[in-house]
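Here is a short report for a reader new to this model. Look over the sequence and the fold, then read on.

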Amino acid sequence: MVRLPIETKDGEFVAYYSELGLAGLEFPKEKGESDRFSSDKSTPSAEVRRWHALTTKALKQVLAGHTPETLPPLDLSSGTEFQQRVWKVLCGIGSGKTMSYMEVAAAIGQSKATRAVGSACGANPIPVLIPCHRVLAANQGLGGFSGGLDWKRKLLAREGVEYIGSSTRQRTLGLAIV
DNA sequence: TAACATTCCGCGC
DNA sequence: GCGCGGAATGTTA
């Protein structure tokens with residue numbers, strides 16, 4: 001597994017590559033301890049470098065609120081079949097659009113597995129590139145987010161998505177916060 | 001078995 | 001109509 005940093009305006013992301021492709025992505029850390037385990041000294045293969053270039057480009061586009069045209073190959077082998085189906089659906093959501101957990105569940109033919117869909121999103125190894133942040137609750141409220149809710153808010157805001165402010169119980173209230 | 005990044009239904013105000 | 005409690009439901013470690 002190869003570990004490579006990606007510099008962006010929002011901080012230093014870290015990408016992980018396996019033999020198959022991009023296997024993971026981490027949000028910037030708070031503290032500057034990133035050098036600690038930058039162990040992998042060996043120069044990445046040409047293939048990995050090519051993937052990394054694509055990842056970097058794609059990541060920056062998403063951070064700018066766009067849908068990347070090209071993604072590097074993704075290594076999703078770590079997930080279960082159900083999770084991979086969910087992630088595949090997520091990849092189909094365009095920038096500026098959103099789906100509810102319920103809609104995603106329906107999209108994979110199990111409209112009642114809403115909660116399971118939530119779990120699958122949380123298990124997503126590659127946030128941002130797999131747009132797990134575009135999944136909202138049924139009433140367009142923010143659900144949750146592994147990497148911190150702030151990121152979800154920020155990403156949605158950049159894409160011009162309207163969502164409901166705080167957490168759980170805002171369904172009957174048609175109050176959209178822009 | 002327990003834990004979830006959910007949803008829906010029903011009741012009291 | 002609004003707000004809250006609680007049950008239902010599928011997948012995972």
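Two strands pair if DSSP finds at least two bridges between them. This is a predicted model. In it, seven bridges join β1 to strand β2 (residues 11–17), and the two run antiparallel. Together β1 and β2 form a hairpin, with two residues between them. Val-2 stands opposite Tyr-17 in β2. Strand β1 covers residues 2–8. Is it mostly covered or mostly open? Mostly covered: five of its seven residues are buried.

Now the domains. Chain A is divided into domain 1 (2–63) and domain 2 (81–158). Their centres, taken over C-alpha atoms, are 22 Å apart. The contact takes 13 residues from domain 1 and twelve residues from domain 2.

The table sets out values for the pair.

| Item, domain 1 and domain 2 | Value |
|---|---|
| Separation of centres (C-alpha atoms) | 22 Å |
| Area buried between them | about 1,100 Å² |
| Share of that area from carbon and sulfur atoms | 74% |

Which residues of domain 1 lose the most area to domain 2? They are Leu-25, Phe-27 and Val-62, together 50% of what that side buries.

Polar links cross the interface as well. The rule finds two salt bridges there. Three residue pairs are in polar contact between domain 1 and domain 2. On the side of domain 1 that touches domain 2, β3 (22–26) and α1 (46–63) are the elements that give two or more residues. α1 gives the most, with five residues.

One more salt-bridge detail: Asp-10 pairs with Lys-154 in a salt bridge, with the closest N and O atoms 3.9 Å apart.

Conventions: Residues numbered from 1 in each chain as written. Chains lettered and ligands numbered in written order. Predicted model: local features only at pLDDT ≥ 70, side-chain atom pairs only at ≥ 80, totals over all residues. Heavy atoms only, no water. Buried < 20%, exposed > 50% of the residue type's maximum accessible area, 1.4 Å probe, protein only. Helix = DSSP H or I, 4+ residues; strand = E, 2+ residues; numbered from the N terminus. Domains from an automatic or database assignment. Contact = heavy atoms within 4.5 Å. Buried area = accessible area lost by both parts, 1.4 Å probe. Salt bridge = Lys/Arg side-chain N within 4 Å of Asp/Glu carboxyl O. Polar contact = N/O pair within 3.5 Å; in protein donor to acceptor, adjacent residues only side chain to side chain.
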